[in-house]
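I opened the model to look up a few things and kept notes as I went. The entries follow in the order of the look-ups.

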Protein chains: 2
Amino acid sequence: MVVALAGGVGGAKLAQGLYGVLPPDALTVIVNTADDFNHLGLHISPDLDTVLYTLAGIANPATGWGIAGDTFATMDALGRLGGAEWFRLGDRDLATHVVRTERMQAGATLSRVTADLAAALGVTARILPMCDEPVRTLVDTPAGRLDFQDYFVRRHHQDEVLGIVVDGWAGASVPAAAATALRVADAIVICPSNPFVSILPILSVPGIRSLIAQSDAPVVAVSPIVGGQAIKGPAAEMLASLGHEVSALGVARLYAGLVTGMVVDCADSDLVPAIEALGMSALPAQTIMGDRADRERLAAEVLAFCRQLGAHAGVAA
Amino acid sequence: MVVALAGGVGGAKLAQGLYGVLPPDALTVIVNTADDFNHLGLHISPDLDTVLYTLAGIANPATGWGIAGDTFATMDALGRLGGAEWFRLGDRDLATHVVRTERMQAGATLSRVTADLAAALGVTARILPMCDEPVRTLVDTPAGRLDFQDYFVRRHHQDEVLGIVVDGWAGASVPAAAATALRVADAIVICPSNPFVSILPILSVPGIRSLIAQSDAPVVAVSPIVGGQAIKGPAAEMLASLGHEVSALGVARLYAGLVTGMVVDCADSDLVPAIEALGMSALPAQTIMGDRADRERLAAEVLAFCRQLGAHAGVAA
């Protein structure tokens with residue numbers, strides 16, 4: 001049994017790799033929901049949907065969000081009616097948000113709706129929100145404190161990030177299915193997602209750090225920074241503006257005390273000694289994932305690393 | 001200045017005719033909203049949209065609802081996710097509901113949103129909801145009391161109608177723009193819509209009957225029943241099951257005391273003496289409207305009839 005913590009695109013890629021190499025029901029993905037937002041009256045869960053669509057094999061590989069081959073008839077009509085167009089929602093994608101919003105308005109939890117959406121799309125991995133309560137990432141910038149999607153999508157993450165606030169975490173709790181999955185996990189994988197706006201918000205949910213700490217399973221993170229740059233998104237700029245080293249070592253320092261192993265790109269193998277000096281093992285690997293074969297190859301390497309680290313704890317993955 | 005009261009398809013056709021033959025800003029259409037409903041978390045106003053789309057020239061002539069050439073990508077995806085598919089919403093049509101719902105959730109009135117949608121679609125007629133409060137038609141049937149769209153769309157208006165309830169009317173009020181339009185109207189036209197579920201709900205809004213009664217303008221209704229049958233929908237069956245004569249005379253009796261003139265189809269010219277015996281004038285005309293030319297021809301005849309009836313009151317239309 002493997003638990004992965006994931007944000008959006010990079011996390012979804014490794015989650016898909018894990019899903020591909022593990023037995024159908026062996027994977028649980030705990031997904032960041034701190035960049036969820038209400039838009040056009042709809043509850044939108046960008047990271048949950050990216051993971052859901054990627055594992056269902058319908059994600060749009062060109063954009064990193066939405067559904068492959070989707071159309072934009074509603075969005076175009078919305079623009080003609082004066083509605084907000086900055087967050088592009090495809091027609092098929094929109095159905096997900098409509099169903100989620102309707103069911104949550106009727107009282108269903110985000111966990112419940114996500115499980116039903118996954119079942120409808122034929123995904124046998126458990127995809128879980130990090131919590132069912134509203135927790136939101138806010139970004140402090142020279143232009144003021146911005147809602148995450150305002151910073152990320154509307155303003156194209158071009159503002160300097162002076163600070164990050166996770167609002168609402170104190171009232172959140174780990175969903176029962178996520179707690180159970182962590183208790184029985186043979187390996188815990190922190191996907192190569194943005195540490196500040198994907199992974200640390202997940203870790204802000206009260207109880208999740210102790211569940212991970214109490215686990216006998218190895219905890220392995222994959223660095224989203226390769227050669228001093230993020231594969232996608234503003235992780236490198238955030239590391240820099242928040243005073244961290246912009247490297248896999250900088251990421252490893254953020255996870256020190258939590259992870260037992262760190263997978264870095266082969267391009268960063270010179271960082272292995274410094275990372276191991278933090279009290280964790282480090283493994284260089286080809287971490288840039290293109291197609292599905294890349295993802296499954298990296299997933300297999302990560303799981304082998306977990307087995308190696310957790311040999312004493314009976315890792316079955 | 002002309003005020004038309006309208007429900008869906010039949011009302012929209014005559015409203016379009018009036019819009020075509022009158023100066024751009026001379027028409028106000030007060031539209032039934034008692035078959036509005038909340039569906040998939042969206043506020044849907046079927047009659048307002050039919051009037052809006054018809055006057056904007058984008059209505060789907062084949063279905064009587066929705067937008068010509070619309071696609072159904074969201075609805076199809078929704079079905080795959082287990083969402084309700086019985087009320088078909090096209091992708092472009094959906095944008096209207098999303099904008100309306102979002103703006104109303106933010107505090108805008110239905111009147112305000114409708115005016116903005118009409119402006120966005122280039123419609124210069126004033127399209128007004130009958131009220132901004134929620135008023136809902138419920139239909140008593142052998143299967144119990146049904147929400148209107150449940151009766152009309154989901155169950156294909158096949159249940160016998162034993163009674164009709166207009167719920168919420170007591171708390172409703174005539175929107176200011178509708179009251180003003182009625183006060184300055186040179187003619188008031190009751191479109192050939194279903195009397196029970198389109199026109200009488202409008203007339204149930206407190207104050208509207210007295211605004212019409214106090215007007216010096218002629219009030220002319222066009223019968224939706226031709227040769228004992230409804231052009232579209234269940235009006236004939238409702239007249240029968242509710243104990244009325246299924247004819248233009250049956251309709252005229254429903255409007256007696258309110259209207260000064262009744263336009264009936266040429267096929268029903270034998271009913272003219274009986275209708276006139278109710279204390280109103282009656283005019284036979286070709287009332288079945290196909291294309292736009294038909295609609296404008298009938299509108300011109302209705303306006304000429306109004307001028308004739310209202311010569312003493314200075315009808316300018």
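**Entry 1: the interface.** I note at the outset that this is a predicted model. I began with the polar contacts between the chains and found two residue pairs in polar contact between chain A and chain B, both at pLDDT 80 or more. I then looked for salt bridges across the interface of chain A and chain B, and the rule gave zero.

I next asked which elements of chain A build the side that touches chain B. Three helices, α3 (73-80), α4 (91-105) and α5 (110-120) of chain A, each supply at least two residues of that side. The largest share, nine residues, comes from α4(A). Sorted by class, the side of chain A that touches chain B holds 12 nonpolar, six polar and four charged residues.

For the extent of the interface, I counted 22 residues of chain A in contact with 22 residues of chain B. I took the area as well, since the size of an interface is often given as the accessible area lost when the parts come together. Chain A and chain B bury about 1900 Å² between them, and 72% of this is on carbon and sulfur atoms. A:Leu40, A:Leu81 and A:Val98 supply 27% of the area that chain A buries against chain B, more than any other three residues.

**Entry 2: a strand of chain B.** Is strand β1 of chain B enclosed or open? I checked its residues, 2-6, and five of the five are buried, so the strand is largely enclosed by the rest of the structure. In a regular strand the side chains alternate between the two faces of the sheet.

Five bridges join β1(B) to strand β2 (residues 27-31) of chain B, and the two run parallel. One residue I followed was B:Val3, whose bridge partner in β2(B) is B:Thr28.

**Entry 3: salt bridges.** Side chains of opposite charge can pair when their charged atoms come close. I searched the whole structure and got 26 salt bridges over all chains.

I looked at A:Asp49 with A:Arg100, where the closest N and O atoms are 2.4 Å apart. This pair links distant parts of the chain, as A:Asp49 sits in helix α2 (residues 46-56) of chain A and A:Arg100 in helix α4 of chain A, 51 residues apart. Are the two partners buried or exposed? A:Asp49 is buried, with a relative accessible area of 4%, and A:Arg100 is buried at 1%.

I then turned to helix α13 (residues 292-309) of chain B, where B:Arg292 and B:Glu296 lie four residues apart, about one turn of the helix. Their side chains meet in a salt bridge at 3.5 Å, N to O. B:Arg292 is partly exposed at 45% relative accessible area, and B:Glu296 is partly exposed at 24%.

In helix α13 of chain B I also noted B:Arg297 and B:Glu301, four residues apart and so separated by about one helical turn. The N to O distance of this salt bridge is 3.1 Å. B:Arg297 is partly exposed at 30%, and B:Glu301 is partly exposed at 28%.

Last, I recorded a network of salt bridges that links A:Asp76, A:Glu85 and A:Arg88.

How values were computed: Residues numbered from 1 in each chain as written. Chains lettered and ligands numbered in written order. Predicted model: local features only at pLDDT ≥ 70, side-chain atom pairs only at ≥ 80, totals over all residues. Heavy atoms only, no water. Contact = heavy atoms within 4.5 Å. Buried area = accessible area lost by both parts, 1.4 Å probe. Salt bridge = Lys/Arg side-chain N within 4 Å of Asp/Glu carboxyl O. Polar contact = N/O pair within 3.5 Å; in protein donor to acceptor, adjacent residues only side chain to side chain. Nonpolar A, V, L, I, M, F, W, Y, C, P; charged D, E, K, R; others polar. Buried < 20%, exposed > 50% of the residue type's maximum accessible area, 1.4 Å probe, protein only. Pairing = 2+ DSSP bridges.
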